[in-house]
Amino acid sequence: MIEIIKTVAAPVETVNLAILNLKNTCPNLSITLSENFGDLKIEISDDNSTDKTVFRKAYREAVLTLNDYIYALEDISIAERLFQLLKLRKATVSVAESFTGGGISKRLVEIPGISEVYFEGLNTYSNKSKIERLGVKEETLEKYGAVSAQTAYEMAYGLLETGNCNISIATTGIAGPKSDGTKKPVGLLYIAVGTEEHVSVYEYNLKGTRLSITETAINIALFLAFKKLK
């Protein structure tokens with residue numbers, strides 16, 4: 001028997017608890033972890049020495065423990081899972097990125113058939129671009145800065161205002177290696193995910209290199225969009 005759990009941004013202690021419970025219940029299990037910038041694959045296999053009923057119960061308990069961070073119980077990427085859900089919901093997504101460099105859009109457009117659900121992706125790095133392309137208010141940028149919850153909110157809202165998408169994703173942050181001239185730390189980022197009903201903004205403080213911060217943020221943004229649609 002082989003089972004898979006795919007998660008994003010699952011806390012280490014939560015993952016460890018799920019694995020500990022699995023091993024306590026089924027000592028002969030082989031558990032392999034493969035992590036890629038916050039996107040974690042847990043592969044659980046048994047040598048057929050464990051009772052199937054016991055195995056299934058232990059596996060279900062692990063899924064319940066990790067539930068808030070799970071996007072799939074099969075070996076697919078978070079971008080592919082979001083694509084599946086967009087098609088299921090008959091929804092269209094648009095993306096505005098201010099520090100992830102088009103990475104979210106790149107992940108999506110790599111998927112065959114994505115044109116069914118992907119409307120547009122904007123790489124709005126400058127303040128002028130945020131104002132002219134997304135309708136971010138000058139006073140918002142002056143008062144709170146480009147890297148702020150308020151700006152992320154207005155970026156996501158600006159995409160929805162066009163009327164051509166059902167869900168929007170916006171990112172703004174500081175990937176490093178240096179800050180943006182403010183007192184805000186490297187690794188600070190805001191991700192906004194919006195629908196016609198509500199725009200949610202999430203704050204993260206990530207550690208690591210410019211690459212790891214950016215790639216982790218991309219995975220988190222895709223996961224948050226998945227959770228919003230789910």
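This is a short walk through the structure above, which is a predicted model.

Let us start with the sheet. Five strands make up an open sheet, and reading across it the order is β6-β5-β7-β8-β9, with mixed pairing. The edges are held by β6 (118-123) and β9 (199-205); each has a single partner strand, so one side of each is left without a neighbour in the sheet. From one strand to the next, the twist averages 10°. Strands of a sheet pair through backbone hydrogen bonds, either parallel or antiparallel.

Both kinds of pairing can be found here. Strand β5 (residues 93-97) runs parallel to strand β7 (residues 167-173), and 5 bridges link the two. If you want one place to look, find Ala-96, whose bridge partner in β7 is Ala-170. Further along the order, β8 and β9 run antiparallel and are joined by 7 bridges. Here Leu-189 has Tyr-204 in β9 as its bridge partner. These two strands, β8 and β9, form a hairpin, and 3 residues lie between them.

Next, look at how nonpolar side chains gather. The largest nonpolar core has 38 residues, and the members that touch the most others are Leu-82, Leu-86, Val-93, Ile-104, Leu-108 and Leu-222. Several elements give two or more residues to this core: the strands β4 (70-72), β5, β7 and β8 (188-195), together with the helices α3 (78-89), α4 (103-109) and α8 (210-229). Which of them gives the most? That is α8, with 11 residues. Neighbours within four places in sequence aside, Ile-104 is in contact with Val-95, Glu-97, Ile-169, Thr-171, Ile-218, Ala-221 and Leu-222.

Apart from this core lies another, made of 19 residues, with Leu-29, Ile-44, Phe-55 and Ala-62 among them. You will find Ile-44 in strand β3 (residues 39-45). Is Ile-44 buried or exposed? With a relative accessibility of 0%, Ile-44 counts as buried. Once residues up to four places away in sequence are set aside, Ile-44 touches Met-1, Ile-2, Glu-3, Ile-5, Leu-22, Leu-29, Ser-30, Ile-31, Phe-55 and Tyr-59.

Another stop is helix α1 (residues 12-25), where Thr-14 lies. Thr-14 is buried, because its relative accessible area of 17% is under the 20% limit for that class. Its contacts, beyond neighbours within four places in sequence, are Thr-65, Leu-66 and Tyr-69.

Now for the charged residues. Side chains of opposite charge can pair when their charged atoms come close. How many salt bridges are there? The count comes to 7 salt bridges. One of them joins Glu-110 and Lys-106, at 2.6 Å from N to O, and both Glu-110 and Lys-106 are exposed. A second example pairs Glu-154 with Lys-137, where the closest N and O atoms are 3.9 Å apart. Glu-154 belongs to helix α7 (residues 149-161) and Lys-137 to the loop between α5 (127-134) and α6 (138-144), so the pair ties together parts that are 17 residues apart in sequence. Glu-154 is buried, with 13% relative accessible area, whereas Lys-137 is partly exposed at 43%.

Some salt bridges share partners, and in this way Lys-6, Lys-41, Glu-43 and Asp-75 are joined into one network. Within it, Glu-43 and Lys-41 form a salt bridge whose closest N and O atoms are 3.6 Å apart. Glu-43 is partly exposed, with a relative accessible area of 27%, and Lys-41 is buried, with 18%.

A last look goes to the cysteines. A disulfide is a covalent bond between the sulfur atoms of two cysteines. The structure holds 0 disulfides. Cys-26 is buried, with a relative accessible area of 1%, and Cys-165 is buried too, with 4%.

How values were computed: Residues are numbered from 1 along each chain as its sequence is written. This is a predicted model: local features need pLDDT of at least 70, side-chain atom pairs count only at pLDDT 80 or more; totals for chains, interfaces and linings use all residues. Side-chain values use heavy atoms; hydrogens and water are left out. Two strands pair if DSSP finds at least two bridges between them. Helices (H or I, at least four residues) and strands (E, at least two) are DSSP runs, numbered from the N terminus. Axes are lines fitted to C-alpha atoms, for helices over the stretch in contact, and angles run from 0 to 180 degrees between N-to-C directions. A salt bridge is a side-chain nitrogen of Lys or Arg within 4 Å of a carboxyl oxygen of Asp or Glu. Buried means under 20% relative accessible area, exposed over 50%, partly exposed in between (1.4 Å probe, protein chains only). Contact means heavy atoms within 4.5 Å. A nonpolar core is a set of buried Ala, Val, Leu, Ile, Met, Phe, Trp, Tyr and Cys residues joined through side-chain atoms within 4.5 Å. A disulfide is a pair of cysteine sulfur atoms within 2.5 Å.
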